[in-house]
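Please keep the structure open beside the text as you read.

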Amino acid sequence: MRMNSFVPFIPHQPLVLREDLLYKSVSYKWKLGMKAGITSSDIINDILHEDVGSKLPVQLTSQQLLSLKSSLDKLLAKKFAVKKRLTELIMKTTVDHKSGMAVSAMIFAPLNILIPSDLVGGSKNKIKLLHAIQRTLKFGRMDIIPLKFLMEGLTVEGWLKTVRETKIREHVLAKVVKWIWIVTKRLVASLFYVTEGQGCHHKLLYFPKKSWQSRTDSAFNYLVTSGTLQPLDKVEAERLAALRKPASLRWLPKKIGLRPVVSVKNDKTNNDVIHAKAYLRGLLIKTGYSDLNAKNLHQIWKSVVLKNCEDGYKKLYMVAVDIHDAYGSMRQTTIRKVSDLMSTVQKAVQYQTIKREKRAYLITKGLSQAVPLSAVLCKLYIAHLDRTRLTELRTKSCDTMVRAVDDYLFITPDNSRASRFLEVMSTGFPEYSLYINPTKTQHNLEACSEIHFFGYVIDSVSLEIYVKFNQGEEAPYRNSIKFSNWTNPLMVMEDKLKRIVTFKLNSLTTDLDYMSVEGSMWNVFQTACLAACSFKAMLGSWRTSLDLEALVGLIRCSAENIAKRIRRLRFSDGMWLQETRWVVIRAYWLCLSHGITDHSNFLGDLIPAVETLEEQIRSNVRPKTLRLLQSITESLPAQFTHGH
């Protein structure tokens, strides 16, 4: 019988990966997710006490308990051999970290050996459950997965059939499945350190524990030898702990190296911290700094382009630089100076300690990005640098300097002034301990080039601005999506597709005062490609039968949302509703059909339906315009060809 009766109570029992796996350190006392010396009777007690969202009374007969005990005895007899096999597999790997997909593949065979078929009602049930566990391990840190996801398709067979009431049978099977998931997650956490990574969205990274320990030890020793962390004796540690609560330290993997993340529990809700943040924001406003966003960047860029046209400059020179590790490089004496010596700030900066292996260390340099006051303090710090060191570069009305926290863009019609800005920034600011990252420096002083700034791409010749999407390059599109509502997947998809439209399709990327129709439509096409890739990734994650008509309706709705947004944003009559709709549908067809050699998978019926929709809308597009749009949408852009 199908497990449809789970729906009323199973959704209330979520499996939250960030709580189940993230940053967990499982004690050596646990062997394969079970305590050393545990007996089958102990496990039966644990299973029967599992909370699965319903408080039905469970009373098993002695024969049923005997059958369950027999299955668990088989399991216990195999656990050490399975643990040894898994350890051998990890030792053989040459990769520093593994994805959820690799870990789920690695864990399938050992769990298949470990879990007796009769424990879950037969071999078919076991294979379905193991595949569901594999899919669960591929989800991201922000996903909330209901227990019913693991139980989809399971039937009540074997010893469970001897339980009289149907609801009780399903209830007991749910408890067994929940216990198997707990064993699995403890097993994973005993072998891997699970964390997120910089630029990986919600993707979880699985590091073998020995490898992770070696990396973090090296990174920590570097902080001590470089003077960023100062060891404290017991008396000094207790004195500073009375002034400021010690922080925890964890590490965030980057493309190269690790970033230390320091956080203090409940710091964000501390009243003194909240008041200090408001005070510092007031100081920041007095400096004239305002947070950069797409709206005010559009105003700045439009005035730059129009002024350039009025004054007749042949070329605008641009220099974009990025300050290397701005948060971690700030001098604490200067931080206290620019923050007006507020006591809460002084404690957060001057007295912050961390503990590692029962030893306390004082942070003597920089601030962690996880500290609530760090963002506003960094802005104040660099604003102070602007006033004291970069005033000379802002004296001419034809020059424009834009800053987004620690990223600078300097624009001028004068080559010598652009060169001067690059020289000043390249020299660095020793009194602030701030230096630029030369690998991220961009300019068009010698040759025309694209300038990447604030998540956009600036064409230094045409002065057009293009959207920049690299989700699929850094992590699968699936990992940029959060699943929290499993009762209505279509609603989740519709909401996600609406959000993508507003992400970068704005006045900055569609203003026809400086954008051509081709450039604006290219931005529409790229935005539609992002929506289509996310749509495809969501379909692949659910792997469930959704109504074809509803899916086509979602795609049509996505095209309508983008077309209406363009109509609201446009600054001339150069962009049309039907043309925009066709570009969006074309993007969906290109993405959905990419990499599909046959139509026998879950996209089999959808691709022809989208192709039919594209043909219908194409018939309403003017031939001359269609030729232009076909040249823009000839193929899927390279950045959208992987990650889904």
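Which residues in H5 meet which residues in H7? From H5 come Leu129, Ile133, Thr136 and Leu137, and they meet Val177, Ile180, Trp181, Thr184 and Val188 in H7. Sorted by class, this contact of H5 with H7 has seven nonpolar and two polar residues, and no charged ones.

Before going further, a word on confidence: this is a predicted model. The chain has a mean pLDDT of 84, and 88% of its residues reach 70 or more. Over residues 1-12, however, the pLDDT is below 50, and this stretch has 30 contacts in the model beyond near neighbours in sequence. Residues 26-32 are another such stretch: pLDDT stays under 50 there, and the model has 20 contacts for them beyond four places in sequence. Where pLDDT is low, the predicted coordinates should not be read in detail.

The table sets out the geometry of two packed pairs.

| Helix pair | Residues | Angle | Axes apart |
|---|---|---|---|
| H5 and H7 | 123-137 and 166-191 | about 50 degrees | 12 Å |
| H22 and H23 | 577-593 and 606-618 | about 160 degrees | 9 Å |

Helix H5 packs against helix H7 at an angle of about 50 degrees, which means that H5 is oblique to H7. The crossing of H5 past H7 is right-handed.

For H22 and H23, the angle of about 160 degrees makes H22 roughly antiparallel to H23. Here H22 passes H23 in a left-handed crossing. On the H22 side, the contact is made by Gln578, Arg581, Trp582, Ile585, Arg586, Tyr588, Trp589, Leu592 and Ser593. H23 contributes Leu606, Ile607, Val610, Glu611, Leu613, Glu614, Ile617 and Arg618. By class, the contact of H22 with H23 has ten nonpolar, two polar and five charged residues.

**A sheet with helices packed on it**

Strands S4, S7 and S6 form an open sheet of three strands, in the order S4-S7-S6, with antiparallel pairing. At its edges are S4 (98-99) and S6 (192-196), each of which pairs on one side only. S6 and S7 (residues 204-208) run antiparallel and are joined by five bridges. Within this pairing, Thr195 stands opposite Leu205 in S7.

Which strands does H7 touch as it packs on this sheet? H7 touches S6 and S7, and its direction makes about 95 degrees with that of S6. Helix H8 (residues 209-225) packs on the sheet too, touching S6 and S7. The direction of H8 makes about 90 degrees with that of S7.

**Another open sheet**

S17 pairs with S18 (residues 456-459) in the antiparallel sense, over four bridges. For a residue-level view, look at Ile451, whose bridge partner in S18 is Ile458.

Definitions and conventions
Residues numbered from 1 in each chain as written. Predicted model: local features only at pLDDT ≥ 70, side-chain atom pairs only at ≥ 80, totals over all residues. Heavy atoms only, no water. Axes fitted to C-alpha atoms, helices over the stretch in contact; angles between N-to-C directions. Helix = DSSP H or I, 4+ residues; strand = E, 2+ residues; numbered from the N terminus. Parallel < 35°, antiparallel > 145°, perpendicular 65-115°, else oblique. Left-handed = near helix turned anticlockwise from the far one by under 90°. Contact = heavy atoms within 4.5 Å. Nonpolar A, V, L, I, M, F, W, Y, C, P; charged D, E, K, R; others polar. Pairing = 2+ DSSP bridges. pLDDT = per-residue confidence, 0-100.
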